Amino acid sequence: MRTHRVRASGAGTVLSSSLGAGGTGGLDGLGFRVKSLQGGTAVLEFFPRA
């Protein structure tokens, strides 16, 4: 399975995670799902988290 490292930061918060296609993650009420991985590019879908 191919994975990509997802990194985000801002206002004192840092997220770092390795995810494959279909993987999910979240930070501060924002969730994301890896829709696809192709050619070194990840397509992410964002959604609100409860």
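This is a short chat about the predicted model shown above.

Visitor: Before we start, what kind of model is this?
Guide: This is a predicted model: local features need pLDDT of at least 70, side-chain atom pairs count only at pLDDT 80 or more, and totals for chains, interfaces and linings use all residues. Residues are numbered from 1 along each chain as its sequence is written, and side-chain values use heavy atoms, with hydrogens and water left out.

Visitor: What is the mean pLDDT of the protein?
Guide: The mean is 77, and 90% of the residues reach 70 or more. pLDDT is the predictor's confidence in each residue, from 0 to 100.

Visitor: Which elements have the lowest and highest mean pLDDT?
Guide: Strand β1, residues 3-10, has the lowest, at 71. Strand β5, residues 41-48, has the highest, at 85.

Visitor: How many helices and strands are there?
Guide: Zero helices and five strands. Both are DSSP runs numbered from the N terminus: helices are H or I with at least four residues, strands are E with at least two. From the N terminus the elements run β-β-β-β-β.

Visitor: Which strands form the open sheet?
Guide: Three of them, in the order β3-β4-β5, with antiparallel pairing. Two strands pair if DSSP finds at least two bridges between them.

Visitor: Which strands stand at the edges?
Guide: β3 (24-27) and β5. Each has a single partner strand, so one side of each is left without a neighbour in the sheet.

Visitor: How many bridges join β3 to β4?
Guide: Four, and the two strands run antiparallel. L27 stands opposite L30 in β4. β3 and β4 form a hairpin with two residues between them. D28, in that turn, has a positive phi of about 50°.

Visitor: And how many join β4 to β5?
Guide: Eight bridges, again antiparallel. L37 stands opposite A42 in β5. R33 has E45 in β5 as its bridge partner.

Visitor: Which residue takes a positive phi in the hairpin of β4 and β5?
Guide: G39, near 60°. That hairpin has two residues between the strands.

Visitor: New topic. Which residues make up the largest nonpolar core?
Guide: Five residues: L15, L19, F32, V34 and L37. The largest share, three residues, comes from β4. A nonpolar core is a set of buried Ala, Val, Leu, Ile, Met, Phe, Trp, Tyr and Cys residues joined through side-chain atoms within 4.5 Å.

Visitor: What share of the protein is buried?
Guide: Buried residues make up 22% of the 50 residues. Buried means under 20% relative accessible area, with a 1.4 Å probe and protein chains only.

Visitor: What does the accessible surface come to?
Guide: About 3600 Å², of which 50% belongs to carbon and sulfur atoms. Accessible areas come from the Shrake-Rupley method with a 1.4 Å probe.

Visitor: Last one. What does the C-alpha trace span?
Guide: About 30 × 20 × 15 Å along its principal axes.
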